[in-house]
Amino acid sequence: MNFLVTGGAGFIGSAVCRHLCANPAYRVTNLDKLTYAGNLASLRPIENAHNYRFEQADIRDERAVLAILRRDDIDVVMNLAAESHVDRSIDGPGAFIETNIVGTYRILNAALEYWRGLSEERKAGFRFHHVSTDEVFGDLPFDGGMFVEETPYAPSSPYSASKAASDHLVRAWHETYGLPVVLSNCSNNYGPYHFPEKLIPLVILNALDEKPLPVYGAGANVRDWLFVEDHARALELVATRGRPGESYNVGGNSERTNLGVVEAICALLDLRRPRAGGKRYRELIGFVTDRPGHDRRYAIDASKIARELGWTPKENFDSGLARTVDWYLDNKWWWGPIREQRYAGERLGHGSVAKSRPSPIESSPAGYAAESRKATT
């Protein structure tokens, strides 16, 4: 089976490429534009594999994509190419419109033309798998509810709005033109090779550099965390066994407040890389003004993919976070150049960082709410 993975030099895309290449029956073509977050070093474990090849291209280049589809006789397109950082979408939404909406439109056109030229048997087996996010659903109250596949879309940021638009395009190409598509919407991913603008790698690396650990508002926002290698397994199943026209939610069943995540990282680092003088890493936690449109809570109901495709996560949050922290401690060769040359941890999406202050570690939920009100006024 021949796969085209777009965005395969990114965080989730590279995990998908590494996972797929472990199966000698698969051939994987990785198409990536190599924007700031694309990193071929994330593919080092498979760069010389017999069943892997890399192509630098833009999904907005319809002709280039079509040529690759035909040359490599692709059976499955897995579209992970996307601008994905909410804070960057606040600073510069144009890139998100271009890649996530226009890019999806262009690659759909290329895939449709390619699919129409296949034999009837090949047409039946072809899949266009569009990988999306739970953020298209908006947010949930703190006291209950979960996103299901039928949850209405209510995006809050330029990023999530662009992904919602791309999801609608994919569904329209299925309904209007018959292109056999499948979709998946995932919760927050974490794990090795994660670009350090995102919460978990940013906190790990800031802590190692003895820099402040920024937490938005009071840190009460809740996310469901999914280990990236578990997500890669799920995406293979959706792409190869998912029913055309269907979508599948993928979550880790591991809800944590943002503050709880930061504190858990600090506790692991206290054991693995103690600070000088007996200090604790949580002393570096500081609270910054919340970002605009910050969703309160995400939670994924992943019962459909478990029921239909037999997928459940192997890692819980504690085991996955421990693996992640250990990976960053052992792999400065990968993240060191990024911190030095591309992104040193500066705040994005909301001006300058507010002055750090002690963390309300022992605060009650009411205390969190009061702290959040102060942080956003």
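**Sheet and cysteines**

Mentor: There is an open sheet of 3 strands in the order S7-S9-S11, with mixed pairing. Strands are DSSP runs of E, at least two residues, and helices are runs of H or I, at least four, both numbered from the N terminus; two strands pair if DSSP finds at least two bridges between them. This is a predicted model, where local features need pLDDT of at least 70 and side-chain atom pairs 80 or more, while totals for chains, interfaces and linings use all residues. Residues are numbered from 1 along each chain as its sequence is written, and side-chain values use heavy atoms, without hydrogens and water.

Trainee: Which are the edge strands?

Mentor: S7 (188-190) and S11 (255-257), each pairing on one side only. On average, neighbouring strands of this sheet are turned by 50 degrees against each other, direction ignored.

Trainee: In what sense do S7 and S9 pair?

Mentor: Parallel, over 3 bridges, with S9 covering residues 222-227. Tyr190 has Phe227 in S9 as its bridge partner.

Trainee: Which helix packs on the sheet?

Mentor: Helix H8 (residues 228-241), which touches S7 and S9 (contact means heavy atoms within 4.5 Å). The direction of H8 makes about 70 degrees with that of S9; axes are lines fitted to C-alpha atoms, for helices over the stretch in contact, and angles run from 0 to 180 degrees between N-to-C directions.

Trainee: New topic. How many disulfides in the whole structure?

Mentor: The search finds 0, counting pairs of cysteine sulfur atoms within 2.5 Å. For Cys21, the nearest cysteine sulfur is that of Cys17, 6.3 Å away.

Trainee: Is Cys21 buried or exposed?

Mentor: Buried, because its relative accessibility is 10%; the cut-offs are under 20% for buried, over 50% for exposed and partly exposed in between, with a 1.4 Å probe and protein chains only. Cys266, at 1%, is also buried.
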